[in-house]
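Opening the notebook on a new model today. I want to look up the surface, the fold and the confidence, and jot things down as I go.

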Amino acid sequence: MDTGREPLWQEEPAVRPRMADPVRTAAVRAVIIVAITLIGAMVAFLCTLAGSWLAFPAVLGTVAGTVVATWAVLDVWVTRQVWVQRHGVRSQPSSTARELRRERRQERRRQRRERPAPADRAAA
């Protein structure tokens, strides 16, 4: 049933390509760990203000969580670097560097073709 109205949203292509699955998995894991660490830090802070006995264990948990969260964020970075190294990156066809390399390669081939072939010493 067409009511003549425009749709509520317009589908647009993504500006950036989607992250690779291993990188996305590491990123989600890191976000969850950082969120839990921040919650633990807030609990430690509030327990300290309240003078609760739970303040000391909460601070220790927050310190440990900070170490784990740092490790998780580094894991995202390392996973991304490894993925790019193994699978490469998509280069743009209009890349200036690629065009310059192509021109230099064609020039070398042209020079090789124009040079006379070396005389055969075995025939002499």
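**Arginine side**

I started with Arg-112: its relative accessibility is 52%, and the cut-off for exposed is over 50%, so I log Arg-112 as exposed. This is a predicted model, so I keep in mind that the number is computed from a prediction. I then looked up where Arg-112 sits, and it is in helix α3, which covers residues 96-114.

Arg-112 belongs to a surface patch of positive charge, together with Arg-101, Arg-104, Arg-105, Arg-108, Arg-109, Arg-113 and Arg-115.

**Nonpolar side**

I went looking for greasy surface too. Ile-39, Val-43, Trp-53 and Leu-54 make a nonpolar patch of about 440 Å². I picked Val-43 out of that group and placed it in helix α1. Val-43 has 37% relative accessibility, which lies between the 20% and 50% cut-offs, so I put it down as partly exposed.

**Fold and burial**

I ran through the secondary structure of the protein chain and got three helices and zero strands. Read from the N terminus, the order is simply α-α-α. For burial, I noted that 13% of the chain's 124 residues count as buried.

**Confidence**

How far does the predictor trust the chain, as a mean pLDDT? I got 86, with 85% of the residues at 70 or more. By element, helix α1 (residues 21-50) comes out highest at 96, while α3 is lowest at a mean of 84.

Terms used
Residues numbered from 1 in each chain as written. Predicted model: local features only at pLDDT ≥ 70, side-chain atom pairs only at ≥ 80, totals over all residues. Heavy atoms only, no water. Patch = residues over 30% accessible without salt bridge, like charges linked within 9 Å, V, L, I, M, F, W, Y side chains within 5 Å. Areas by Shrake-Rupley, 256 points an atom, 1.4 Å probe, with all protein chains shown as cover. Salt bridge = Lys/Arg side-chain N within 4 Å of Asp/Glu carboxyl O. Lys, Arg positive; Asp, Glu negative; His and termini not counted. Charge placed at Lys NZ, Arg CZ, Asp CG, Glu CD. Helix = DSSP H or I, 4+ residues; strand = E, 2+ residues; numbered from the N terminus. Buried < 20%, exposed > 50% of the residue type's maximum accessible area, 1.4 Å probe, protein only. pLDDT = per-residue confidence, 0-100.
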